Amino acid sequence: MSMLKSKWIKFGFAFLVIFLFLHFIVPLLILANLEKPPASSSHFINTFEESKERFLTYEESLNQNWNTVKRDSLSVDGDATIDLWWADANQQKTNLIIITSGVHGVEGYVGSAMLDIFLENFIAPLDKENTGIVLVHGVNPIGMMEMRRYNENNVDLNRNFIYNWDTFDKEMNTDYEDLKAFLQPENKISTITWRDLKFYGEIAKTVLTDGTTKIEKALLSGQYTQPKGVYYGGKDDEPSTEFIKGLFEEILLTEYANILHVDLHTGYGPRYQMSIFSSGKETMSQEEAQEAFGYPLVFTPDSDEYYVTNGDVPEYFAMLKEEIAPSKSLYSTTFEFGTMGDGLWASIDSVKRTIMENQMIHHGSNDEHSKEILDSRYREMFYPSEQKWRDKAKADFIQAMEGVLKFNNMIE
Ligand SMILES: [Zn+2]
């Protein structure tokens, strides 16, 4: 055998070993290291059914504190319902606190935990004579059941609260159209290793050609042209949206003059520090807001990290108030429990999980391991299993809630 020939055989053999390693061993290594969700415990539970069942038991403690407690519900599909409790102030209707959860389906598990923590910690200090509360569970119940951010029509509800669809420009997101092939590939998912490698190749190419801003703009603002794409905002009010828009109107038409609204989300921001994400109407600077709430992290329109989206819930509420109840005070804000962390790597990882989950939903995979890995990665992005994360989320929620309640003169 010539020297040259044996060199090629060695090379071919090495190549084969690497290929087999990447194709068969790497997926097993990833699988072995996946985060496993703990069993439902204390505030944090694992299924929509359990979560809804617990929410419905709140009637008792609400009734012990408020004289008039009513329930409302919208069935999106059978048992997949949006549920709410509305407890009215016993004497003078002055303050109203409304907490919405699960606008982004899968984020509703942390939302549900926070509703539970709210009841445990904040009923006592509230003055029930002049303060009422409205608690909303599972704004996107199907997404919550299916562990998706999007709803039954693949719509991102936090891009669906458009103030006026007639004047809204659905074609404004040209960046999404430019990056469509990368953001919503239209083929089945292969072995996870090859899919991951392909993603890194594509994102490197996109970043080198267009920079990171284009990807951010393409995603965060929402898009209204690709119903099977990511961050799709829909073409009209979704059933959940119509229900919540109606609720906001009803609230604004009551006597309550001082209204606080908190919409609960997970995903964006530093992993172990929940951020209060102000609405675009906020006039305080980041520093002033942090001081005012006695809370270490508030994003206001002047923050570098602040981003504007179309059709988001607090923005809609604020605009509706300006139109139908301008003399009232409404503080509408988002509590965002970060999961992925800060920095470029975290952003790339989020984009990766988002794109692949969507591809899996619409095109599937022949590889069971790929599905299991992608499901786990997606769930961890919105509902971390780690106990340390959950404990910190609880502590942050209590601190932030105390801050905004004090700021809005709802507790001492
Ligand atoms: Zn969200």
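My entries below run from the whole chain to single residues.

**Ground rules.** I am working with a predicted model, where local features need pLDDT of at least 70, side-chain atom pairs count only at pLDDT 80 or more, and totals for chains, interfaces and linings use all residues. Residues are numbered from 1 along each chain as its sequence is written.

**Whole chain.** I looked up the secondary structure and found 14 helices and 8 strands in the protein chain; these are DSSP runs numbered from the N terminus, with helices being H or I of at least four residues and strands E of at least two. The radius of gyration is 23 Å, close to the 22 Å that the globule rule gives for 412 residues, so the chain is as compact as a globular protein of that length. (The radius is taken over C-alpha atoms, and the rule is 2.2 Å times the number of residues to the power 0.38.) I also noted that the C-alpha trace spans about 100 × 45 × 45 Å along its principal axes.

Buried residues make up 41% of the 412 residues. My cut-offs: a residue is buried if 20 or more other C-beta atoms lie within 10 Å of its own, exposed if 12 or fewer, and partly exposed in between, with C-beta atoms placed from the backbone. Of the contacts with a separation of 6 or more, 78% are between residues 24 or more positions apart; a contact means C-beta atoms, placed from the backbone, within 7 Å.

**Domains.** I have domain 1 as 1-33, domain 2 as 48-165 + 232-339 + 384-407, and domain 3 as 174-220 + 344-382. These bounds come from an automatic or database domain assignment. The C-alpha centres of domain 1 and domain 2 lie 52 Å apart.

**The sheet.** In what order do the 8 strands line up? I read β1-β2-β4-β3-β5-β8-β6-β7, an open sheet with mixed pairing. Strands pair here if DSSP finds at least two bridges between them. The edges are β1 (68-77) and β7 (298-299), each pairing on one side only. I then followed β6 (residues 275-277), which pairs with β8 in the antiparallel sense over 3 bridges; I276 has F335 of β8 as its bridge partner.

F277 also sits in β6. Is F277 buried or exposed? It counts as buried because it has 24 C-beta neighbours inside 10 Å. Leaving out residues up to four places away in sequence, F277 touches F299, T333, T334 and E336.

**Helices on the sheet.** I found α9 lying across β1, β2 (80-88), β3, β4 (131-137) and β5, and running at about 160° to β1. Axes are lines fitted to C-alpha atoms, for helices over the stretch in contact, and angles run from 0 to 180 degrees between N-to-C directions.

Next, I checked α11 (residues 313-324): at 1.5 Å a residue its 12 residues should span 16 Å, and its end C-alpha atoms are 17 Å apart, which agrees. The expected span is 1.5 Å times one less than the number of residues. Its buried residues are V313, P314, E315, Y316, F317 and K321, and what covers them includes β3 (95-100), α9 (239-252), β5 (258-267) and β8 (329-338).

**Two positive phi values.** M147 lies in the loop between α5 (141-145) and α6 (174-178) and has phi near 60°, though it is not glycine. M147 is partly exposed, with 19 other C-beta atoms within 10 Å. N154 is in the loop between α5 and α6, with a positive phi of about 65° in a non-glycine residue. N154 is partly exposed, with 18 other C-beta atoms within 10 Å.

Technical notes. Two residues are in contact if their C-beta atoms, placed from the backbone, lie within 7 Å.
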